[in-house]
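Q: I've got a model open on my screen and I'd like to learn how to read it. Could you take me through a pocket and some strands?

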Amino acid sequence: MKLHHCKHGGGSLCDMLVIITTLFVPLGYASPSFLSEPVVTKPRHSRLFKSALQQVNSDLWTPLVNQGWKPCIDSIATSLSLPDSSGYIQVFLDGGLNQQRMGICDAVAVAKILNATLVIPYLEVNPVWKDTSYFEDIFDVDHFMNVLKDDISIVRELPDEYTWSTREYYASAIRSTRVKNAPLHASANWYLEHVSPVLESYGIAAISPFSHRLAFNNMPVDIQRLRCKVNFEALTFVPHVRDLGDLLVNRLRFCVVQSDDATGTEYLKQVVDTKGIKGAGKFVALHLRFDKDMAAHSACDFGGGKAEKKALARYRKAIWQGRVLNSRFTNEELRNQGRCPLTPEEIGLLLTALGFENNTRLYLASHKVYGGEARISALRKLFPNIEDKKSLASAVERAQINGKASLSAAVDYYVSMHSDIFISASPGNMHNAMVGHRTYLNLKTIRPNMALLGQLFMNQSMNWSDFQAAVVKGRRNRAGKIKMREDKQSIYTYPVPDCVCQQD
């Protein structure tokens, strides 16, 4: 049992309202929530792992240089007032927080295209996370409306004459005001041709489903800039999420773990001057995307033996009825294609090979890890200073996000945006959102070359020096360079050149 106590005067940012306990499970055992899941009992890449423990590393904290770009989201239109509204647009957004975030940006853009009034978007309950939070529970509505007041008209609720237009209304029968056939990545003209007539006839149009329903190509400059404005400026989290995020960031930067030899416990101690103290002042946010859904859907082999393979296959069949494209390929084929998420052990080896010292502070921005502490233990051996929301804040301090997956994800997003470096163990919506937002602000982000790493980790005879050389070489061509958006790529992941301008 590891106890984080506080040892300082009153009012310190390291203060916690209750003692925080973090359970460390011996290797080969799982915590109660993972009893039904197979676990790994030893490092899978033992040859590399032993060398990594002895590695002498270099410093990687230098910020990115100015690359000649600046945020550019102002409209090029000269009109000082909004045109008359053509009616009300409703959207119903499914998915997790980051998918919904992109949907909100697209909803604002569609409202602009149609000269319509946007109703604050409705967030569907995700069947996996089961979070019932509304838009206003996660995002600051007043800020959202104020930032966009010169771009589109927005209302919190429909006027009385349209209060019948609800999710339940559209779920009960076919309705003429619902637009349910919007194609993926539809053009602006599609909305003008198919949704404008609905607005003209009824004064309201409800678009569902709406995820990924607006194209990234062949859009007017103002529409592209508006999407960026929504994503990077208008969408801010509610105050209590920002407050908790700031608390976590400050504790990551200015509180270090100290040992009390007399009692055998550890406590968080505030450090006023971080110079000369290893591990203080900077941290890496790591999105360790390795939950059961991800592990099963990838159809990859993670070293847990036959029991784990069978368990994940059963889960695949139960959730997706076997309709998983990756299951058609062998593990070797999947790894060569970069389709396998990195395990905690593999992300630890990657960080070590890149040059991070073992006293680097890692913030885990992720949901429950498949395999529990037994799976994380290899990463913890390489990087002992691993923290998350539970290790940094008390239950009382986390009360407002408890049991709310979207609010928890919002805190992780906020902390990740304030980290010195962000890295994700697998591509996905969180990875994409972070890459885009941090590119927009010119913040350092590590994008693992998944295909290269898949091939390296399959080579069981590779020694540490060759592994590290291959990792560093693979990273050299990707480090610190802004990637321009290519045809059909998301503006939210690659905001250059649409969201930026050349500096004078």
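Q: Which element gives the largest share of the lining of the second largest pocket?

A: Keep in mind that this is a predicted model. The top contributor is E4, with three residues in the lining.

Q: What else lines the second largest pocket, and how much space lies in it?

A: The space comes to about 510 Å³. There are 20 lining residues, and those nearest the pocket's centre are Val119, Ile120, Tyr122, Arg156 and Glu157. Strand E4 (88–93), helix H3 (135–138) and helix H5 (167–172) are the elements that each put two or more residues into this lining.

Q: How do the lining residues divide into nonpolar, polar and charged?

A: In the second largest pocket you'll find eleven nonpolar residues, five charged and four polar.

Q: Back to E4: which strand does E4 pair with, and in what sense?

A: E4 pairs with E9, in the parallel sense, over four bridges. To spot one of the bridges, look at tyrosine 88, whose partner in E9 is isoleucine 204.

Q: Which other strand runs parallel to E9?

A: That's strand E8 (residues 178–179), joined to E9 by two bridges. Here arginine 178 stands opposite alanine 206 of E9.

Q: How should I read the faces of strand E9, buried or exposed?

A: Start with the general idea: side chains in a regular strand alternate between the two faces of the sheet. Now take E9, residues 204–207: Ile204 and Ala206 sit on one side, Ala205 and Ile207 on the other. All four are buried, so both faces of E9 are covered, buried meaning under 20% relative accessible area.

Terms used: Residues are numbered from 1 along each chain as its sequence is written. This is a predicted model: local features need pLDDT of at least 70, side-chain atom pairs count only at pLDDT 80 or more; totals for chains, interfaces and linings use all residues. Side-chain values use heavy atoms; hydrogens and water are left out. On a 1 Å grid over the protein atoms alone, a cavity is a set of points where a 1.4 Å probe fits but cannot get out, and a pocket is an open set with protein on both sides within 12 Å along at least five of seven lines; lining residues have an atom within 4 Å of a point. Grid points are joined across faces, edges and corners, and a volume is the space filled by probe spheres set on the points. Ala, Val, Leu, Ile, Met, Phe, Trp, Tyr, Cys and Pro count as nonpolar, Asp, Glu, Lys and Arg as charged, and the others, Gly among them, as polar. Buried means under 20% relative accessible area, exposed over 50%, partly exposed in between (1.4 Å probe, protein chains only). Two strands pair if DSSP finds at least two bridges between them.
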